[in-house]
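Student: I would like a close look at a single part of this model, namely the place where the two chains meet. Please take it slowly and in one connected answer.

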Amino acid sequence: MDGIHDLGGKLGYGSVDVNEPEEPFHYDYEGRMWAMSRIAKAPDINIDWWRHVRELIQEDDYLNRPYFDSWAQTTIATMIDSKVFTTDELASGVSATPPLADVLEVDYEGVLQQNAEIAFDFSRPVDTEPTFSVSQTVVTNKEGHSGHTRLPEYARGKTGVIHSYHNAHCFPDDYAKGKPSAQHLYTVAFTATELWGADANPNDRVTLELWEDYLAPK
Amino acid sequence: MASFDQKKITEIHQHLHSHLPSDSALRVKALETILVEKGMVKSESIDRWVEVYADDIGPKRGAHVVARAWTDPAFKERLLADAASAVDEMGYKGPASGHLKAVENTDDIHNVVVCTLCSCYPFAILGMAPNWYKTAAYRARVVREPRAVLEEFGVTLGEDVGVHVWDSTAELRYIVIPQQPAGTDGMSAEELAALVTRNSMIGTDRDLKVGA
């Protein structure tokens with residue numbers, strides 16, 4: 001989707017705030033939102049749908065509201081969409097129906113344990129052989145599509161080289177539509193001059209993980 | 001059941017834009033309140049998660065990984081071959097560590113990590129991402145003009161040092177292994193870990209300081 005989220009290489013942004021304090025949370029709500037996102041989600045969603053819902057936040061909110069605010073809005077939108085709660089229930093803070101669950105309180109050690117358990121494996125078996133091999137030259141799709149995709153605009157229609165292969169992984173473009181599938185995944189290296197033109201430093205490069213559907217032989 | 005319908009989500013977002021409280025803390029509080037009502041979270045558990053990420057899970061984990069790589073060549077080999085297993089071996093498995101890669105700085109190469117499409121980050125070993133990592137400015141610029149961004153962080157690179165930008169938009173996550181500072185060969189892994197900055201493991205710091 002050619003949305004506001006696809007920021008790589010876009011011009012007109014200012015300097016980076018390099019003097020930000022190093023503590024993990026600058027406001028209490030950031031930590032609480034982070035924690036809630038570890039504990040609860042709409043029961044039938046996946047990470048790609050969640051990311052797609054986040055990138056559909058309207059552009060002024062996406063660019064100007066704080067990061068964890070956008071997580072809150074994304075989680076709220078997925079939960080309303082999945083009928084976990086209604087907008088009226090959210091506004092009133094009162095559930096109109098009996099509780100959906102009765103989760104147990106987790107202590108410090110329990111959190112450490114649960115945290116270790118969310119090292120998810122996104123690789124999936126497929127019954128095809130990979131099309132491309134390491135060091136092969138490939139060209140990326142020139143066109144995007146209207147749904148969720150992980151081929152950024154700046155890397156479309158560009159020539160790169162297969163740097164490494166990672167077996168097949170969940171294919172986000174399909175998962176975001178609720179249609180699980182898997183494809184071979186590669187790290188593809190692009191020279192900075194290919195991406196940005198002759199003024200770029202010829203020693204520099206950008207790599208991306210790209211699925212087979214994004215690539216063609218060259 | 002999730003709709004997986006872009007149009008429906010756009011309408012929900014429009015509605016939320018007008019109806020959610022403007023204040024971020026109030027938005028998050030509203031979500032917490034209804035999730036507690038629905039029996040899906042306990043506020044006490046949220047407190048514990050915040051404590052764990054404030055105290056235990058943060059860049060010091062990554063710093064110990066780096067220091068061990070500097071002092072234990074066999075571990076470094078395992079880390080570069082399969083970082084997910086190597087951090088698991090150290091007890092650091094967690095969110096976004098499932099497909100972890102370690103990339104090493106050298107005299108000729110400087111690595112820097114970004115996610116231009118959202119803000120993916122290796123939480124399990126670096127903790128919470130700094131805000132700047134999630135800003136439009138960093139995400140837009142570091143792929144296109146990495147040397148200018150690095151200058152803002154105080155990192156000046158020679159023209160002959162190649163910048164490798166890892167745009168981690170899939171499920172692979174990256175930790176940069178900075179170079180060990182000169183004159184620190186006799187130091188213990190514990191002492192060395194104290195030299196490793198969070199930014200050096202993202203790639204916005206390069207020459208680590210001794211006795212800073």
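Student: With which residue does A:Asp102 form a salt bridge, and how far apart are the closest N and O atoms?

Tutor: Bear in mind that this is a predicted model. A:Asp102 forms its salt bridge with B:Lys42, and the closest N and O atoms of the pair lie 3.6 Å apart, which is inside the 4 Å limit that the salt-bridge rule sets.

Turning to the extent of the interface, the contact draws 101 residues from chain B and 119 residues from chain A, and the area buried between the two chains is about 9500 Å², of which carbon and sulfur atoms give 61%. Of the area that chain B buries against chain A, B:Phe4, B:Lys38 and B:Trp49 supply 9%, more than any other three residues.

The chains are also joined through their strands, for strand S4 of chain A, residues 205–211, pairs with S3(B) in the parallel sense over four bridges. Within that pairing, A:Leu208 has B:Asp167 of S3(B) as its bridge partner.

For a contrast inside one chain, consider the domain assignment of chain A, which gives domain 1 (28–117) and domain 2 (137–217). The centres of these domains, taken over C-alpha atoms, are separated by 30 Å, and six residues of domain 1 of chain A are in contact with six residues of domain 2 of chain A. The area buried between these two domains is about 570 Å², with carbon and sulfur atoms giving 50% of it. Across this domain interface the rule finds zero salt bridges, whereas two residue pairs are in polar contact there, both at pLDDT 80 or more. The side of domain 1 of chain A that touches domain 2 has one nonpolar, two polar and three charged residues.

Technical notes: Residues are numbered from 1 along each chain as its sequence is written. Chains are lettered from A and ligands numbered from 1 in the order in which they are written. This is a predicted model: local features need pLDDT of at least 70, side-chain atom pairs count only at pLDDT 80 or more; totals for chains, interfaces and linings use all residues. Side-chain values use heavy atoms; hydrogens and water are left out. Domain bounds come from an automatic or database domain assignment. Contact means heavy atoms within 4.5 Å. Buried area is the accessible area (1.4 Å probe) that two parts lose on being put together, summed over both. A salt bridge is a side-chain nitrogen of Lys or Arg within 4 Å of a carboxyl oxygen of Asp or Glu. A polar contact is a pair of N or O atoms within 3.5 Å; within protein, one must be able to donate a hydrogen and the other to accept it, and residues adjacent in sequence count only if both atoms are side-chain atoms. Ala, Val, Leu, Ile, Met, Phe, Trp, Tyr, Cys and Pro count as nonpolar, Asp, Glu, Lys and Arg as charged, and the others, Gly among them, as polar. Two strands pair if DSSP finds at least two bridges between them. Helices (H or I, at least four residues) and strands (E, at least two) are DSSP runs, numbered from the N terminus.
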